[in-house]
Amino acid sequence: MTERQSPRISSRKQPQQARSTELVTTILQAATQVLAKEGAARFTTARVAERAGVSIGSLYQYFPNKAAILFRLQRDEWQQTTDLLGQILGDRAQPPLQRVHTLVHAFIQSECDEAEMRVALNDAAPLYRDAPEAQEIKAAAEQTMRTFMQEVLPAANDAERDLAGQLITDTMSCVGKQFSESPRTSAEVKAYAEAMATMFCSYLATV
């Protein structure tokens with residue numbers, strides 16, 4: 001049986017000049033608009049090119065297919081989350097459990113602010129979630145959490161730390177997505193995030 005090949009999701013080339021960078025930015029902005037309006041099922045390179053006001057040939061100079069565009073949008077979102085994770089959990093000026101509270105509040109707020117786009121990208125995830133590029137980003141986030149767990153759980157073994165880190169990240173991702181699917185007030189976001197963070201801290205205290 002022939003192994004199924006994943007679609008190419010890397011950009012064809014990286015923009016080197018200001019004009020090229022501007023073109024890629026325009027394409028990605030148009031892609032965001034098309035995805036928000038049409039959803040992943042009706043997302044096409046032709047619609048993106050039309051919205052961006054560029055030829056399909058110009059688009060294909062940088063993105064070989066729609067999966068590559070969607071992955072770039074998803075990669076940028078993942079990178080923002082990974083940067084947020086590293087910035088907050090790596091801030092040793094704050095006590096470890098306070099960092100957990102800060103992270104959960106920031107993450108839940110971000111989920112609610114970008115709910116529409118994240119739902120659409122999640123629908124498109126089968127196009128690229130198993131690609132090596134996606135796995136590399138995931139691995140970077142996991143390493144950040146693993147480093148933090150070594151600090152917050154110094155007496156635990158590696159398996160216990162890995163379980164704690166996985167539980168926190170999976171819960172934030174799944175529950176945050178579900179919570180953000182309905183419009184929320186600032187007070188609701190704050191109360192929900194605080195309850196979740198308190199739950200995590202209580203759990204960490206028992207490991």
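**Pocket lining and the helix 7–helix 8 contact**

Helix 4 (66-89), helix 5 (96-113), helix 6 (115-124), helix 7 and helix 8 each supply at least two residues to the lining of the largest pocket. Helices are DSSP runs of H or I, at least four residues long, numbered from the N terminus. The model is predicted: local features need pLDDT of at least 70, side-chain atom pairs count only at pLDDT 80 or more, and totals for chains, interfaces and linings use all residues. Residues are numbered from 1 along each chain as its sequence is written, and side-chain values use heavy atoms, without hydrogens and water.

The largest pocket has a volume of about 1,200 Å³. A pocket is an open set of points on a 1 Å grid over the protein atoms alone, where a 1.4 Å probe fits, with protein on both sides within 12 Å along at least five of seven lines; lining residues have an atom within 4 Å of a point. The volume is the space filled by probe spheres set on the points. Of the 38 lining residues, W78, K138, T169, D170 and S173 are the closest to the pocket centre. Helix 8 gives the most to the lining, with 11 residues.

The axes of helix 7 (residues 132-152) and helix 8 (residues 158-180) come within 9 Å and cross at roughly 125°. Axes are lines fitted to C-alpha atoms over the stretch in contact, with angles from 0 to 180 degrees between N-to-C directions. Contact (heavy atoms within 4.5 Å) involves E142, M145, R146, M149 and Q150 of helix 7 and R161, D162, A164, G165, Q166, I168 and T169 of helix 8.
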